[in-house]
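Trainee: I am new to this structure. Please show me how to read its features.

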Amino acid sequence: MNNQEIVQKLWNLCNVLRDDGITYHQYVTELTYILFLKMAQEKDTEENIPVGYRWENLSAYSGITLKNFYVNLLKYFGEKGTGIIKEIYQDAVTSIKSPNNLETIITNIDLFDWDSENEDSFGTIYEGLLEKNANEKKSGAGQYFTPRPLIDCIVRLMKPQAGELCNDPACGTFGFMIAAAQYVRAHTDDFATLSDELYKFEKYNAFTGCELVQDTHRLALMNALLHDLHGKIIWGDTLSSVGQQMKNFDLVLSNPPFGTKKGGERASRDDFTFTTSNKQLNFLQHIYRSLKIGGRAAVVLPDNVLFADGEGAQIRADLMDKCNLHTILRLPTGIFYAQGIKTNVLFFKRGVSDYDNTKEVWIYDLRTNMPSFGKTAPLNKETFAAFESAFDAPDRRAVNDERFSVFTRAQIAEKNNSLDLGLIRDDSVAVSEELPDPIDTGEEIISQLQDAIDLIQSVVDELKTCGLKKN
């Protein structure tokens with residue numbers, strides 16, 4: 001059984017839990033608790049799991065005895081576990097009410113033909129579950145999952161290097177950091193060409209993050225563990241004092257949550273120059289301040305960050321002073337969980353000084369005259385091919401692509417530092433210009449309506465006539 005088949009079978013088991021009223025997101029969380037134990041058995045890493053609480057113990061019970069053991073296991077790991085075990089199971093509770101449903105899931109997982117020879121098998125399977133959860137609109141998990149083709153495109157362009165300290169301050173299920181680690185692995189023969197010191201750094205320090213939502217934090221921890229990554233993933237709010245300790249990064253990749261802080265309050269950070277309740281603007285401030293000199297970032301942000309007045313204009317000016325904001329990608333609509341949300345990727349590099357680092361901004365329009373992406377037309381590598389070619393071009397001015405344009409800092413300043421620029425001509429506008437004169441069209445419509453009224457009246461008269469004849 002290949003990984004894709006296992007993902008589908010695991011996902012289908014969710015149907016077993018419908019009578020328990022369990023959501024897709026709860027199901028993936030529940031699988032996290034169970035798969036942790038199964039993974040440890042398959043990969044022969046049970047030494048950190050207390051005797052009596054391992055997979056063989058869980059799978060040996062049935063009925064109400066199984067349910068009681070499982071509940072006690074979650075509580076024991078959350079209270080008395082150590083390290084990653086305590087982090088994953090902290091405050092863990094089961095949503096499964098029926099002992100038979102729990103037994104069905106555990107029995108099926110035990111019967112799967114797990115490929116223990118493939119070190120990356122569990123990680124691939126788990127990511128497949130996370131993606132299915134994100135694509136299921138009812139789960140509400142799409143806000144924590146950036147489409148993998150977009151992540152891969154960004155990682156290819158940012159080219160993370162061994163020895164770099166990487167971070168995602170709104171890490172969701174840790175997708176950006178796992179993709180960055182896979183890029184480094186691919187260019188170092190799975191870290192084998194690195195020194196012992198660098199090898200340990202990559203596995204235990206290089207890839208870090210922070211996540212506000214506890215259940216999502218669990219998923220991030222599990223996802224990292226299954227990919228053999230052990231960097232610090234904080235459970236907390238980056239926009240609080242927790243975030244002040246997150247700094248001096250070589251590379252930041254992130255897709256911060258959209259909206260305003262709960263209740264509209266401003267971020268509780270005393271190190272921000274500009275105060276606003278807009279979460280994306282605060283995350284943007286945090287990210288460019290968290291970079292070391294020469295540090296790079298790519299961050300997904302909605303359109304309002306590009307044109308918001310007041311603090312928005314000041315934050316954009318500060319960003320362009322402290323960093324070289326060299327590229328903006330205007331993304332297609334419909335690729336995130338909320339339909340119609342318009343987003344962009346900002347690419348920038350921290351300068352040596354805090355002033356005048358951005359001379360010009362290149363903008364690539366991948367939005368106008370693009371298909372509507374979704375399940376029937378998913379994003380793929382080819383979607384971003386032309387953009388990647390333009391991004392990496394030795395001489396961007398030699399790129400012959402109408403979607404790629406450049407604006408000087410002076411031009412941007414004239415527009416109140418608005419970055420809502422670079423969108424090309426929409427074909428629908430050109431079509432509308434070729435439409436007939438609206439006056440002529442109006443007269444034609446009135447004429448057609450009158451013809452329709454006359455026809456209806458004639459039918460009514462005919463029916464009346466038929467009725468009289470019948471009588």
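Mentor: Start with burial: buried means under 20% relative accessible area, exposed over 50%, and partly exposed in between, with a 1.4 Å probe and protein chains only. Cys171, at 4% relative accessibility, counts as buried. Cys153 is buried too, with a relative accessible area of 1%. This is a predicted model: local features need pLDDT of at least 70, side-chain atom pairs count only at pLDDT 80 or more, and totals for chains, interfaces and linings use all residues. Residues are numbered from 1 along each chain as its sequence is written, and side-chain values use heavy atoms, with hydrogens and water left out.

Trainee: How many disulfides are there?

Mentor: A disulfide is a covalent bond between the sulfur atoms of two cysteines. The test is a pair of cysteine sulfur atoms within 2.5 Å. By this rule the count is zero. Take Cys171: its closest cysteine sulfur, in Cys210, is 6.8 Å away, too far for a bond.

Trainee: How do I read a helix?

Mentor: Helices are DSSP runs of H or I, at least four residues; strands are runs of E, at least two; both are numbered from the N terminus. Helix H2 covers residues 24-42. Of its 19 residues, 16 are buried.

Trainee: Where does H2 bend?

Mentor: The bend at a residue is the angle between axes fitted to the seven residues ending there and the seven starting there. H2 bends by about 30 degrees at Ile34. Just after H2, Asp44 has a positive phi of about 55 degrees.

Trainee: Is Pro378 buried or partly exposed?

Mentor: Pro378 is partly exposed, at 48% relative accessible area. Its loop runs between strand S8 (360-365) and helix H15 (385-391).

How values were computed:
The expected span of a helix is 1.5 Å times one less than its number of residues.
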